[in-house]
Amino acid sequence: MKQRAVISTVASIMLAGAMCFGFAACGEGETDVGKKIDALTGEEVTEEVWNAVWNKESDAYGNFKVNYVYTLDEREDGGGSFTTTVQSIHADNKDYMSLSIDSEMGNEETGYYYYDSVIGEYLEKNKMTDDKWVVGTEVSDYVLAFYWIDSCASIISDSGTYSDFIYSTEEKGYTLTKREGDSTIEEIKLVVKFAEGKLKAVKCYFTLIELEYNEDDEIVGEKEISYAEELFYITYGGQSVTRPEVSE
């Protein structure tokens with residue numbers, strides 16, 4: 001299922017990146033981002049406006065910030081949970097990203113990244129650099145703010161088109177719910193919000209459910225195996241990125 005693949009891909013990237021970090025928390029936490037999204041009453045838009053938001057050449061994407069939170073809860077015995085928090089900024093052809101991963105075991109991993117696309121300069125600060133800004137070697141896609149816009153767009157477009165979503169006054173945004181599978185059910189719920197003709201926020205809930213059968217092969221219940229939540233909140237304009245001081 002595409003939705004699960006998108007979420008699993010993001011999760012694997014975050015976990016792989018976590019091996020490199022180790023400092024204080026960064027960005028806005030799940031509660032802060034969730035409150036902003038819940039407080040926002042999204043606009044009803046036309047299909048033309050809906051489709052136009054994916055145009056990364058638009059002026060809106062010359063200066064923006066994405067706050068992203070990913071939470072995974074493995075609900076089977078022996079499973080675990082973690083939360084990934086990202087703040088990614090794009091301004092003046094420069095990108096700055098902070099990333100933090102907090103596990104249920106109390107381990108917190110953090111890294112910071114800077115990239116100037118005009119001159120191709122890439123800097124990073126993480127556990128492997130002893131908490132000092134140094135010149136990096138290879139720029140990963142997720143360092144770029146547009147990566148998070150693409151991830152957000154992929155979750156929406158892989159789930160359905162404009163006509164598949166219904167505006168909900170209760171959710172204050174466009175919603176879509178899907179349930180697919182046989183013995184294992186994959187359930188996804190999306191809430192998409194627009195403001196001033198721009199994509200502003202997305203909430204994605206993903207639940208993996210295992211059906212329980214009796215000896216007559218009849219369905220007698222459901223068991224949640226895992227639950228994941230992705231939050232995107234986009235701010236347009238007003239951002240700046242300053243080159244960090246590199247350690248000698």
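**Cores, strands and a tucked-in glutamine**

The largest nonpolar core here has 44 residues, with Val192 and Leu199 making the most contacts inside it. A nonpolar core is a set of buried Ala, Val, Leu, Ile, Met, Phe, Trp, Tyr and Cys residues joined through side-chain atoms within 4.5 Å, and buried means under 20% relative accessible area (1.4 Å probe, protein chains only). Helix α4 (residues 145-159) gives this core its largest share, seven residues; helices are DSSP runs of H or I with at least four residues, strands are runs of E with at least two, and both are numbered from the N terminus. A second, separate core of eight residues includes Ile37, Leu40, Val69 and Ala195.

Keep in mind that this is a predicted model: local features need pLDDT of at least 70, side-chain atom pairs count only at pLDDT 80 or more, and totals for chains, interfaces and linings use all residues. Residues are numbered from 1 along each chain as its sequence is written, and side-chain values use heavy atoms, leaving out hydrogens and water.

Now for strand β9 (residues 184-195), where nine of the 12 residues are buried. β9 runs antiparallel to β8 (residues 173-181), with eight bridges between them (strands pair if DSSP finds at least two bridges). On its other pairing, β9 is joined to antiparallel β10 (residues 198-213) by 12 bridges, and Lys193 has Ala201 as its bridge partner in β10. In the two-residue hairpin between β9 and β10, Glu196 takes a positive phi near 55 degrees.

Finally, look at Gln239, in the segment after β11 (219-236). Gln239 counts as buried because its relative accessibility is 16%.

Methods
Buried < 20%, exposed > 50% of the residue type's maximum accessible area, 1.4 Å probe, protein only.
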